[in-house]
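Open the model in a viewer and keep the sequence panel beside it. The stops below go from one local feature out to the whole chain.

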Amino acid sequence: MDANYYQSWTIEIAKNFKNELPILGLGLCEESGEVARILKRYCRNDRYLEKSEIEEITKSMKGELGDVLYFVAFLASKFNLSLEELMLGNMHKLEQRMCNGTLLDH
Ligand SMILES: [Mg+2]
């Protein structure tokens with residue numbers, strides 16, 4: 001799927017939202033927290049994980065990262081930024097850090 005198409009879709013399905021910015025900001029925080037909750041459960045398991053457990057964690061992570069993506073895409077639109085701009089800008093920033101040897105400092 002094309003990133004621009006997805007971003008347009010996020011705007012379309014939320015066109016009746018009121019108080020969009022607080023909802024978007026809080027929604028992004030909430031969904032990021034859900035990603036963190038999955039990571040916490042995954043990391044504190046110092047035992048061997050069964051294949052079914054890994055599949056369940058992966059399924060949960062897929063859902064929550066998708067939720068984060070929705071809020072990122074919609075929030076970006078509110079600031080007239082495209083997902084493509086975000087991706088390119090982030091690539092550039094991380095490549096600079098890699099060149100400077102500071103990638104792992106953040
Ligand atoms: Mg969620």
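Which residue with a positive phi follows α3? Select N80: its phi is near 55°. Keep in mind throughout that this is a predicted model.

Within α3, colour the buried residues: E64, Y70, F71, A73 and F74. Then show α1 (3–13), α2 (20–43) and α4 (83–100), against which these buried residues pack.

As for spacing along a helix, residues three or four places apart point the same way, because an α-helix has 3.6 residues a turn.

Centre on F71. Leaving aside neighbours within four places in sequence, F71 is in contact with L24, G27, L28 and E31.

Zoom out to the whole protein. The secondary structure consists of four helices and zero strands, in the order α-α-α-α from the N terminus on. Along its principal axes the C-alpha trace spans about 45 × 40 × 25 Å. The radius of gyration is 17 Å, whereas a compact globule of 106 residues would have one near 13 Å. Colour by burial: 8% of the 106 residues count as buried. Finally, display contacts between residues at least 6 apart in sequence; 79% of them join residues at least 24 apart.

Methods: Residues numbered from 1 in each chain as written. Predicted model: local features only at pLDDT ≥ 70, side-chain atom pairs only at ≥ 80, totals over all residues. Contact = placed C-beta atoms within 7 Å. Buried ≥ 20, exposed ≤ 12 C-beta atoms within 10 Å, placed from the backbone. Helix = DSSP H or I, 4+ residues; strand = E, 2+ residues; numbered from the N terminus. Rg over C-alpha atoms; globule rule 2.2 N^0.38 Å.
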